[in-house]
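Visitor: Hi! Could you walk me through this one? I'm new to reading structures.
Guide: Happy to, let's take a look together.

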Amino acid sequence: VSCGKTAEAAFIQSAGSGAWSAPATWTPAQVPTAVDSVTINAGHIVTVDITTATASTTTVNGTLTFSRVQVSSMTLVGGTMTVFSGGSLDMGTLGNPITAVNAALVLAYGQSAGQYGLIVNNGGTFVVYGAAKDASTTAAADVLSGQNAVTVNNDAGWNVGDAVTIDTELVSITAIAGGLVTFSTAVSATHLAATPVFIGNL
């Protein structure tokens with residue numbers, strides 16, 4: 001019988017400002033994993049710059065921000081993120097919104113409602129500003145079962161990677177050109193433009 005080694009949880013805190021993906025940003029000098037508790041210390045700015053950032057319980061006394069130039073995502077596993085007084089969770093600001101790429105924060109799920117989540121204490125801030133975009137539009141032509149593209153009437157501000165619904169079918173945009181939106185998965189149903197076909201950008 002052979003047994004795999006179980007990852008051991010560590011307490012990791014920021015050693016200074018820097019990229020999440022850089023070991024030098026952290027003490028000890030290692031990129032956090034899903035089992036690690038993480039603290040962003042006061043005065044430090046840590047930028048999530050990868051799509052595979054993970055952590056367990058996360059404490060923000062400084063600034064946790066998301067990249068403006070790289071697609072980024074952080075997933076919490078088995079823990080809550082708490083932004084304390086003086087701390088900041090920055091997913092785009094009015095003066096510096098996230099417009100050219102996507103950023104995501106995935107909160108942990110637990111065994112009961114409210115077990116984990118995002119807590120912003122008095123004096124802490126959580127700011128989200130993205131690109132201005134059309135929230136929804138309609139198809140300019142029928143979308144037939146098996147198609148993975150649709151011509152839309154408006155796509156202002158839409159980007160590759162956006163999640164959209166074709167009526168109720170959820171897909172992800174892989175290309176946009178001249179009003180033609182191509183998506184990751186072919187639709188399973190036929191959607192008739194005369195109905196009309198509503199397309200929402202989530």
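Guide: One term to start with: a salt bridge is a side-chain nitrogen of Lys or Arg within 4 Å of a carboxyl oxygen of Asp or Glu. Keep in mind that this is a predicted model.

Visitor: Okay, how many salt bridges does the structure hold?
Guide: There are 2. In one of them, Asp-162 pairs with Lys-133, and their closest N and O atoms are 2.9 Å apart. Asp-162 sits in the loop between β16 and β17, while Lys-133 is in the loop between β14 and β15, 29 residues apart.

Visitor: Is Asp-162 buried or exposed?
Guide: Asp-162 counts as buried because its relative accessibility is 4%, under the 20% cut-off. Lys-133 is partly exposed, at 32%.

Visitor: And which residue forms a salt bridge with Asp-90?
Guide: That's Arg-68, again with the closest N and O atoms 2.9 Å apart. Asp-90 belongs to strand β11, and Arg-68 lies in the loop between β8 and β9. Both Asp-90 and Arg-68 are buried.

Visitor: What else does Asp-90 touch?
Guide: Its side chain makes a polar contact of 2.9 Å with the side chain of Thr-65. Thr-65 is found in strand β8 and is buried, with a relative accessible area of 7%.

Visitor: Switching topic: which residues touch the most other members of the largest nonpolar core?
Guide: Trp-20, Leu-64 and Met-74 do, in a core of 21 residues. Strands supplying at least two residues each include β5, β8 and β11. There is also a second, separate core of 14 residues, with Val-143 and Trp-158 among them.

Terms used
Residues numbered from 1 in each chain as written. Predicted model: local features only at pLDDT ≥ 70, side-chain atom pairs only at ≥ 80, totals over all residues. Heavy atoms only, no water. Helix = DSSP H or I, 4+ residues; strand = E, 2+ residues; numbered from the N terminus. Buried < 20%, exposed > 50% of the residue type's maximum accessible area, 1.4 Å probe, protein only. Polar contact = N/O pair within 3.5 Å; in protein donor to acceptor, adjacent residues only side chain to side chain. Core = buried A, V, L, I, M, F, W, Y, C linked by side-chain atoms within 4.5 Å.
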